[in-house]
Amino acid sequence: EECGGKVIAQQTSLPNIGIGSLKFRDSVELSGSDKERELYVSANPFYPKLTNECATNFISVDIFCCASGYCDLASIGEMSRKTGGQIYLYSNFNTQRHAETFENDMKTNLLRKTVFRSVMAIRASKGLEVVDYFGNFFLTENQEIQLPIVTSDTALAVSIRHYEKLNQGSNEESLPPQIATAKNKNASIQIAMLYLTMRGEVFIRVHTLSMPIVRRIADVFRCVDMDTVLNVSLKQCAQELVSPVSTTMTVAGARKSLVSACVEILFVYRRYCASNNAQRQLVLPEALKLLPLFTLGLLKNPLLADGVSSDERAFHISYALHMPCYQSLTYIHPYLYPMHRLSNKECVVSDTGRVLLPRAITLKYEGLKFQGLYVMDTGRKIYVVIGPELPSEVFNQCFIQTKNSKHGLKIDLREDFSEDVEDLGYRLSLILDELRYDRPYYLNIEILLLPNTKDHDSILTMDQHEFLKHLIEDASRIQTRNTNNRNPANMSYVDFLVYIHKNIQKKFIDL
């Protein structure tokens with residue numbers, strides 16, 4: 001309590017005796033009901049009390065969940081959410097499968113740049129005010145953000161409201177002319193953070209962002225940053241599911257709010273920015289032309305999808321609130337790289353020491369070739385997908401097959417390749433290392449065969465099912481209960497565009 005610090009906790013089962021004991025409550029019956037929110041908040045007042053004590057004394061809690069079954073991560077994970085910590089979930093933990101991932105996650109957690117006892121305040125120019133905060137932190141009564149720990153992967157978001165004419169009523173008579181002119185053309189946001197380094201040194205870091213004031217809404221759309229929109233959307237959805245004052249009671253309600261926001265944004269653009277002769281077309285702003293695709297990706301993400309266990313959803317809630325901005329796009333819209341048709345410049349080390357990635361392809365099953373080899377980056381895992389008709393010489397460059405008495409034939413990555421750009425195994429190792437570089441979580445590699453969805457007699461593995469879920473431009477293959485064909489989360493990308501267009505036209509009719 002005197003100096004603060006950091007706790008790393010490892011959980012292997014549901015704590016069912018003693019102080020803080022919990023009961024099994026992962027009920028499918030609550031999914032979609034008004035009581036669904038209860039699954040994502042603490043079931044025992046011991047944990048909120050302990051969380052407040054940790055946060056006020058600047059003690060961070062990181063949780064490594066290595067359970068093979070339900071462990072009520074929603075109750076225990078609150079300690080991480082409110083203290084700037086991070087949750088690591090290894091579903092159905094198996095030592096052979098997760099040992100490497102656990103080791104590297106722990107190594108990253110201990111060795112990355114970290115500061116302690118942080119207090120942050122945000123202020124803005126006259127006419128702007130901060131109305132909401134999103135992230136893993138503790139908010140004091142004075143609207144100061146307390147972060148027991150800040151790492152190189154920590155990211156927060158704020159919502160700022162424009163409530164009056166910017167700089168209205170400001171006294172400019174005492175300012176030099178050049179400063180007064182600049183003040184009328186720009187609005188500023190300033191963030192100040194006081195923190196303690198591992199050497200015991202105290203620093204104050206200040207970031208000031210000055211942005212031009214525009215008078216046309218078309219200029220606002222032109223300057224939108226897509227990565228920021230996605231990151232804030234993720235954090236808003238996650239916070240709605242755990243906030244006690246949120247009006248969204250269910251995951252289905254959060255999905256509905258997300259679709260409504262997408263429709264509203266595109267409706268405003270078409271009404272005030274598009275030409276009159278485009279009234280019957282789906283008009284998308286250049287900076288947001290992929291907004292419907294990313295919205296669909298978020299609807300199908302485990303954060304908001306149906307059929308997700310409460311432990312897994314609790315992890316994704318915490319992850320979304322903690323997620324750095326650069327990670328948002330991959331998390332919502334995985335990248336799928338074809339490895340069987342590389343150019344001479346792709347997947348080779350450049351003069352800068354980095355590896356140029358291949359051009360990603362659309363996330364549709366019909367675009368995948370049985371003769372191909374693919375790498376998919378989901379932000380949490382890497383899939384290496386082997387086409388069943390992949391030429392044997394290509395297969396032997398990249399993989400080795402070993403016999404296992406328990407699992408039959410097992411496919412592993414070849415490690416004895418030659419460092420030659422003509423060796424596809426070498427180039428495959430380069431892209432895997434590049435994708436794993438500088439990530440908040442270590443990306444485990446799953447090797448699987450491309451499933452044949454047209455063969456109804458074939459039995460798919462769990463990894464193949466998960467891979468197919470990431471092909472977000474396809475319609476959902478498994479219809480869960482409480483869903484129907486008109487549910488936007490089950491649609492293909494083409495059908496979702498039509499759905500969005502119809503809702504925009506309906507808003508015009510209702511004017």
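Predicted model: local features only at pLDDT ≥ 70, side-chain atom pairs only at ≥ 80, totals over all residues.
## Helix H9 and helix H15

Helix H9 covers residues 291-299, and helix H15 covers residues 493-509. Their axes are 10 Å apart and meet at an angle of about 110 degrees. Angles of 65 to 115 degrees count as roughly perpendicular, and H9 and H15 are therefore roughly perpendicular to each other. The crossing of these two helices is right-handed.

On the H9 side, the residues in contact are Pro292, Leu293, Thr295, Leu296 and Leu299. On the H15 side they are Tyr493, Phe496 and Leu497. Sorted by class, this contact has 7 nonpolar residues, 1 polar residue and no charged residues.

## Helix H8 and helix H9

H9 also packs against helix H8, which spans residues 251-272. Here the angle is about 175 degrees, and the axes are 10 Å apart. An angle over 145 degrees counts as roughly antiparallel, so H8 and H9 are roughly antiparallel to each other.

From H8, the contact involves Arg255, Leu258, Val259, Cys262, Ile265 and Leu266. From H9, it involves Leu291, Pro292, Thr295, Leu298 and Leu299. By class, the contact of H8 with H9 has 9 nonpolar, 1 polar and 1 charged residues.

## Salt bridges

Side chains of opposite charge can pair when their charged atoms come close. The structure holds 19 salt bridges. One of them joins the side chains of Arg161 and Glu129, with a nitrogen-to-oxygen distance of 2.1 Å. Arg161 lies in strand S8 (residues 157-162) and Glu129 in strand S5 (residues 128-134), so this pair ties together parts that are 32 residues apart in sequence. Arg161 counts as partly exposed because its relative accessibility is 40%. Glu129 is also partly exposed, at 29% relative accessibility.

A salt bridge also forms between Arg199 and Glu201, where the closest N and O atoms are 3.7 Å apart. Arg199 is exposed, with a relative accessible area of 73%. Glu201 is partly exposed, with a value of 35%.

Arg354 and Glu434 form a salt bridge in which the closest N and O atoms are 2.6 Å apart. The two residues belong to distant parts of the chain, 80 residues apart. Arg354 sits in the loop between strand S11 (335-338) and strand S12 (373-377), while Glu434 is in helix H13 (residues 424-436). With a relative accessible area of 42%, Arg354 is partly exposed. Glu434 has a relative accessible area of 16% and is buried.

## Gly425 in helix H13

Helix H13 also contains Gly425. Is this residue buried or exposed? Residues under 20% relative accessible area count as buried, so Gly425, at 4% relative accessibility, is buried.

Which residues does Gly425 touch, leaving out those up to four places away in sequence? They are Gln397, Cys398 and Phe417. Gly425 and Leu413 are 12 residues apart in sequence, and their C-alpha atoms are 8.1 Å apart in space.

Key. Residues numbered from 1 in each chain as written. Heavy atoms only, no water. Axes fitted to C-alpha atoms, helices over the stretch in contact; angles between N-to-C directions. Helix = DSSP H or I, 4+ residues; strand = E, 2+ residues; numbered from the N terminus. Parallel < 35°, antiparallel > 145°, perpendicular 65-115°, else oblique. Left-handed = near helix turned anticlockwise from the far one by under 90°. Contact = heavy atoms within 4.5 Å. Nonpolar A, V, L, I, M, F, W, Y, C, P; charged D, E, K, R; others polar. Salt bridge = Lys/Arg side-chain N within 4 Å of Asp/Glu carboxyl O. Buried < 20%, exposed > 50% of the residue type's maximum accessible area, 1.4 Å probe, protein only.
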